[in-house]
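Student: I am new to this structure and would like to learn how to read its features. Where do we begin?

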Amino acid sequence: MAVASAPAKVILFGEHFVVYGQPAIAMAVERRAYVKARSREDESIYVSSTDLGISGFFSNDEFELERGGFEDRWRLEPIRAAVKGALDLVGRKVGVDVEVRSSIPMASGLGSSAAVAVATAKAVSELLGAHLTKEEAFRIAYEAERLVHGSPSGIDPAAASYGGVLLYRGGEITPLAVRADFILVVGYTGVKRSTGELVAKVRRDKERYPLVVNPIIRMSGELVVNALNALEKGDLRALGELMDLNHALLSAIGVSHEALDRLIRAAREAGALGAKLTGAGGGGCMIALARLDEAERIALAIERAGGKAFVTKGLSEGVRVEG
Ligand code: PMV
């Protein structure tokens, strides 16, 4: 048996625009997905998710549902793809049981599916005595993610695999040393949404109105350059202002949501240095930048506005083997 885990992430700057090759900055947070892998007697792949209450068998191209609704197959597919990716890399064709436990809310913009895929690739390879590098775990999970939504940038599996804070651009990952002592408050709207649909909506608008949307995409690239500078200097005020600007760009391409805007307003009124949606938007989560002594007050304001909040210092470790 082997167990591996990988962290959730928030995107600090540049979501959506990263799909079009602009840079983005992500940070791993202390919520993790755990995956336990065991060998099987036969050659099938059995996947179960305790939290989702779904499970099923994949043998050759057949799928047999054990628990859940038939439409739940698409939730298990990327996990199967991560298992296959790891088996192919190691060069083995064996059966595996995979059990997923996760404290990351699903479909919320915290990268739960990528964390599960990264942890799966790692657990399966460890089971077979191979030790995947972070780059290999990232590549396998990235391929698996493509099954869930057509054109992911890869930033989610990059953050889940490498941890910490990183700059991501077109598949290239640069870990960042962050000197600033800041705290993030993450607020969950409780509104689930589909990353794939939101990414597709932006693509449609970009195709229909290129002269409107393309400049916004380029602006995001400039914004990230400024954010890198602010991170390096530890300039919290600038970081907060840039978060507000980033949210305005995301609102301009239509991916915010009234529940997000409500939580963001509440956080700003409670003293946040800046706040924005994080991930695909359309619901899901927002983040607020807080000074050390103000985080709890901001979290309370988010809860009062109807969200669920947690405070994170970030810098969570990337994929790792457990005990
Ligand atoms: O998986 P989410 O919901 O955190 O969003 C991913 C970020 C996007 O930029 C919207 C999509 C992508 O593939 O980068």
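**Reading the ligand site and its surroundings**

Tutor: We begin with the ligand: among the 17 residues around it, those that come nearest are Lys-9, Ser-153, Asp-156, Arg-193 and Thr-195. Keep in mind that this is a predicted model.

Student: Which polar side-chain atom lies 2.7 Å from an oxygen atom of the ligand?

Tutor: A polar contact is a pair of N or O atoms within 3.5 Å. Here the side chain of Lys-9 supplies such an atom, 2.7 Å from a ligand oxygen. Backbone atoms take part as well: a polar backbone atom of Gly-109 is 3.2 Å from an oxygen atom of the ligand, and for a polar backbone atom of Ala-280 the distance to a ligand oxygen is 3.3 Å.

Student: How much of the ligand does the protein bury?

Tutor: The idea is to take the ligand alone, then ask what the protein covers. Alone, the ligand exposes 380 Å², and 96% of that is buried by the protein.

Student: Which elements give two or more residues to the shell around the ligand?

Tutor: They are strand E1 (2-13), helix H4 (155-162) and helix H5 (195-208). The shell can also be sorted by class: seven residues are nonpolar, six are polar and four are charged.

Student: What is the volume of the second largest pocket?

Tutor: It is about 270 Å³. The pocket is lined by 14 residues, and the closest to its centre are Glu-43, Ile-45, Asn-60, Lys-84 and Lys-93.

Student: Which elements give two or more residues to that lining?

Tutor: Strand E4 (54-59) and helix H1 (73-90) do. H1 gives the most, with four residues. By class, the lining of this second largest pocket has seven charged, four nonpolar and three polar residues.

Student: Asn-60 is among the residues closest to the centre of that pocket. Where is Asn-60 found?

Tutor: Asn-60 is in the loop between E4 and strand E5 (62-67). To read its backbone, look at phi: the value for Asn-60 is near 50°, which is positive in a residue other than glycine.

Student: Is Asn-60 buried or exposed?

Tutor: The cut-offs settle it: buried means under 20% relative accessible area, and exposed means over 50%. Asn-60 has a relative accessible area of 65%, so it counts as exposed.

Student: Which value does phi take in His-16?

Tutor: Phi of His-16 is near 65°, again a positive value in a residue other than glycine. His-16 belongs to the loop between E1 and strand E2 (24-39). Its relative accessibility is 6%, so His-16 counts as buried.

Student: Where does Thr-278 lie, and what is its relative accessibility?

Tutor: Thr-278 lies in strand E10 (residues 274-278). Thr-278 counts as buried because its relative accessibility is 0%.

Student: Where is the place of Gly-129?

Tutor: Gly-129 sits in the loop between helix H2 (112-127) and helix H3 (134-146). With a relative accessible area of 51%, Gly-129 is exposed.

Student: How far apart in space are Gly-129 and Asp-181?

Tutor: A separation can be read along the sequence or through space. Gly-129 and Asp-181 are 52 residues apart in sequence, and from C-alpha to C-alpha they are 39 Å apart in space.

Terms used:
Residues numbered from 1 in each chain as written. Predicted model: local features only at pLDDT ≥ 70, side-chain atom pairs only at ≥ 80, totals over all residues. Heavy atoms only, no water. Near = heavy atom within 4 Å. Polar contact = N/O pair within 3.5 Å; in protein donor to acceptor, adjacent residues only side chain to side chain. Areas by Shrake-Rupley, 256 points an atom, 1.4 Å probe, with all protein chains shown as cover. Nonpolar A, V, L, I, M, F, W, Y, C, P; charged D, E, K, R; others polar. 1 Å grid on protein atoms, 1.4 Å probe; cavity = no way out; pocket = protein on both sides within 12 Å on 5 of 7 lines; lining within 4 Å. Points joined across faces, edges and corners; volume = space filled by probe spheres on them. Buried < 20%, exposed > 50% of the residue type's maximum accessible area, 1.4 Å probe, protein only.
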